[in-house]
Amino acid sequence: MLYKGLPILVLGLTLLLTAAAIEFLPETLYFPVVEYSTPENIRIALLKNGELDQSSCEQGARQVANAARAGCPSCKVVERCIRGLDAARGKILARDPLTTPSARLPGGRLTMTIAAADPQLALAVCRQTEAQTASQPADKRLRCFPALVPR
């Protein structure tokens with residue numbers, strides 16, 4: 001009798017632990033966020049996967065911010081680390097469609113959203129970003145996703 005119920009018990013515990021990890025793990029991570037805007041009023045937000053400690057997060061955010069400043073010296077750049085994710089940022093890292101164009105690395109290690117007053121301009125910037133990484137190794141190539149398209 002015990003042997004017949006053991007697989008169900010193991011499955012139940014696995015489901016419980018998985019649900020707990022999904023619910024509570026993101027709250028223990030630090031997420032690097034870099035937001036910048038161009039003089040043309042194009043707003044770009046970059047969100048990386050979470051880090052276990054704040055110093056690693058700050059280092060990751062600093063690297064991304066320095067790259068943004070090097071590529072756009074006249075941009076206003078804000079970098080920070082946030083602990084846990086709110087629903088909006090969680091959706092950015094998920095595969096769900098977004099209301100703005102987005103670019104992401106394989107596996108979602110980094111996701112970038114692009115917003116502008118003209119949606120076609122935002123999409124053009126997204127596609128240009130993808131084209132600029134085309135010569136990179138496959139795991140470092142950004143892929144552009146138009147607004148409202150599953151990622």
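Start with the surface of the whole protein chain. It exposes about 9,500 Å², and carbon and sulfur atoms supply 61% of that area. Keep in mind that this is a predicted model.

**The fold**

The protein chain has four helices and six strands. Trace them from the N terminus: the order is α-β-β-α-β-α-β-β-α-β. Now colour by burial. Of the 151 residues in the protein chain, 34% count as buried. Contacts reach along the sequence too. Among those between residues at least 6 apart, 58% join residues at least 24 apart.

**The largest core**

Select Val34, Tyr36, Ile44, Leu46, Val77, Met112 and Ile114. In the largest nonpolar core, which has 24 residues, these touch the most other members. Which elements give two or more residues to this core? Select strand E1 (30–37), strand E2 (43–48), helix H2 (54–71), strand E5 (110–115) and helix H4 (119–132) to see them.

Zoom in on leucine 46. Leaving aside neighbours within four places in sequence, show what is in contact with leucine 46: Pro32, Val33, Val34, Tyr36, Val64, Leu110, Thr111 and Met112.

Another core lies apart from the largest one. This other core has nine residues, among them Phe31, Leu47, Ile92 and Leu93.

**The largest pocket**

Next, look for empty space. Rolling a probe the size of a water molecule over the atoms shows where such space is left. The largest pocket has a volume of about 550 Å³. Select Tyr36, Ile44, Ala67, Ala68 and Met112. Of the 21 lining residues, these are the closest to the centre of the pocket. Tyr36, Ile44 and Met112 may still be highlighted: they were also among the core residues that touch the most other members.

E2, H2, E5 and H4 each give two or more residues to the lining of the largest pocket. Which element gives the largest share? Select H2, with five residues. Colour the lining by class and you get twelve nonpolar, seven polar and two charged residues.

**The second largest pocket**

For the last stop, select Asn49, Leu93, Ala94, Arg95, Arg104, Leu105, Pro106, Gly107, Gly108, Arg143, Phe145 and Arg151. They line the second largest pocket, whose volume is about 230 Å³.

Key. Residues numbered from 1 in each chain as written. Predicted model: local features only at pLDDT ≥ 70, side-chain atom pairs only at ≥ 80, totals over all residues. Heavy atoms only, no water. Core = buried A, V, L, I, M, F, W, Y, C linked by side-chain atoms within 4.5 Å. Buried < 20%, exposed > 50% of the residue type's maximum accessible area, 1.4 Å probe, protein only. Contact = heavy atoms within 4.5 Å. 1 Å grid on protein atoms, 1.4 Å probe; cavity = no way out; pocket = protein on both sides within 12 Å on 5 of 7 lines; lining within 4 Å. Points joined across faces, edges and corners; volume = space filled by probe spheres on them. Nonpolar A, V, L, I, M, F, W, Y, C, P; charged D, E, K, R; others polar. Areas by Shrake-Rupley, 256 points an atom, 1.4 Å probe, with all protein chains shown as cover.
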